[in-house]
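Here are my notes for you to read alongside the model. Please have the viewer open as you go.

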Amino acid sequence: MEQLLQKIHQYTPLRYLYWITKIMLGLGFVLSGLRKLPGVKFTQLPTSNPVGLFFEGMYVTGFYWNFIGYYQILVGLLLMTRWWRALTPLLILPVSVNIFLVSVSLHMRGTPVITGLMLMGNLFLIFWHWESYRSILRRNG
C-alpha cells in the first residue's frame with residue numbers, strides 16, 4: 001500500500017487533481033457556509049416543496065443553522081490551506097455524507113450527482129493522506 005501511495009503522490013496529473021479537489025471543495029464549503037449566515041436563506045423555494053420545507057426547517061433553528069454555516073466556512077478555508085491538511089478531509093467527511101444523503105432523500109434533480117462527486121472528492125483526499133491515519137488505525141498487539 002505504501003508503494004502505491006508513493007507512486008500516486010509522484011504522478012503529476014493526480015497531484016494536480018489533489019489541489020483542484022482541495023480548492024473546489026474548499027470554495028464549495030465556504031460559499032455554502034455563507035448561505036447559512038444569520039439573515040440569509042439558503043433557498044427561495046416555497047415550503048410546499050419538500051426541499052424548501054427542509055431548508056426552511058433548518059433555517060428556523062437559528063443557532064444550529066448558523067453553526068453549520070460557520071463550520072463549513074472554517075473547514076472550507078482550512079481545506080484550501082496547508083494547515084491541518086490531513087485532518088481537514090476527516091472534518092468535512094460527515095458534512096459531505098450528510099449533504100449527499102439529503103440530496104438523495106429529497107430527490108433533488110441533478111444534485112445527487114454533484115454531491116456524489118463532492119463526496120468522492122472528499123474520499124480521494126482521505127485516501128491521499130492515508131499514511132497520516134495509519135498510526136491511529138493500526139491494531140496494537
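The points below cover the pocket, the salt bridges and a surface patch.

1. First, the ground rules. This is a predicted model, where local features need pLDDT of at least 70 and side-chain atom pairs count only at pLDDT 80 or more, while totals for chains, interfaces and linings use all residues. Residues are numbered from 1 along each chain as its sequence is written, and side-chain values use heavy atoms, with hydrogens and water left out.

2. The largest pocket comes to about 810 Å³. Here a pocket is an open set of points on a 1 Å grid over the protein atoms alone, where a 1.4 Å probe fits, with protein on both sides within 12 Å along at least five of seven lines; lining residues have an atom within 4 Å of a point. Points are joined across faces, edges and corners, and the volume is the space filled by probe spheres set on them.

3. What surrounds that space? The lining of the largest pocket has 32 residues, with Ser32, Gln72, Ile99, Thr115 and Met118 nearest the centre. By type, they split into 22 nonpolar, nine polar and one charged (nonpolar is Ala, Val, Leu, Ile, Met, Phe, Trp, Tyr, Cys and Pro; charged is Asp, Glu, Lys and Arg; polar is the others, Gly among them).

4. At least two lining residues come from each of α2, α3 (50-59), α4 (63-79), α5 (88-105) and α6 (111-128). Helix α2 gives the most, eight residues. Helices are DSSP runs (H or I, at least four residues), numbered from the N terminus.

5. Two salt bridges turn up in the whole structure, counting a side-chain nitrogen of Lys or Arg within 4 Å of a carboxyl oxygen of Asp or Glu. In one, Lys41 pairs with Glu56, with the closest N and O atoms 2.8 Å apart. Lys41 is in the loop between α2 and α3 and Glu56 is in α3, so the pair ties together parts 15 residues apart in sequence.

6. Glu131 and Arg134 also form a salt bridge, at 3.6 Å between the closest N and O atoms. They sit three residues apart in helix α7 (residues 130-137), about one helical turn.

7. On the surface, Trp19, Ile23, Leu27, Leu31 and Leu34 make a nonpolar patch with about 450 Å² of accessible area together. Patch members have over 30% relative accessible area and no salt bridge, and nonpolar side chains are joined within 5 Å; areas are Shrake-Rupley with a 1.4 Å probe, and for residues only the protein chains shown count as cover. Leu27 belongs to α2 (residues 12-34), and its 40% relative accessibility makes Leu27 partly exposed (between 20% and 50%; under 20% is buried, over 50% exposed).

Definitions and conventions. Patches are made of residues with over 30% relative accessible area and no salt bridge: like charges are joined within 9 Å, nonpolar side chains (Val, Leu, Ile, Met, Phe, Trp, Tyr) within 5 Å. Buried means under 20% relative accessible area, exposed over 50%, partly exposed in between (1.4 Å probe, protein chains only).
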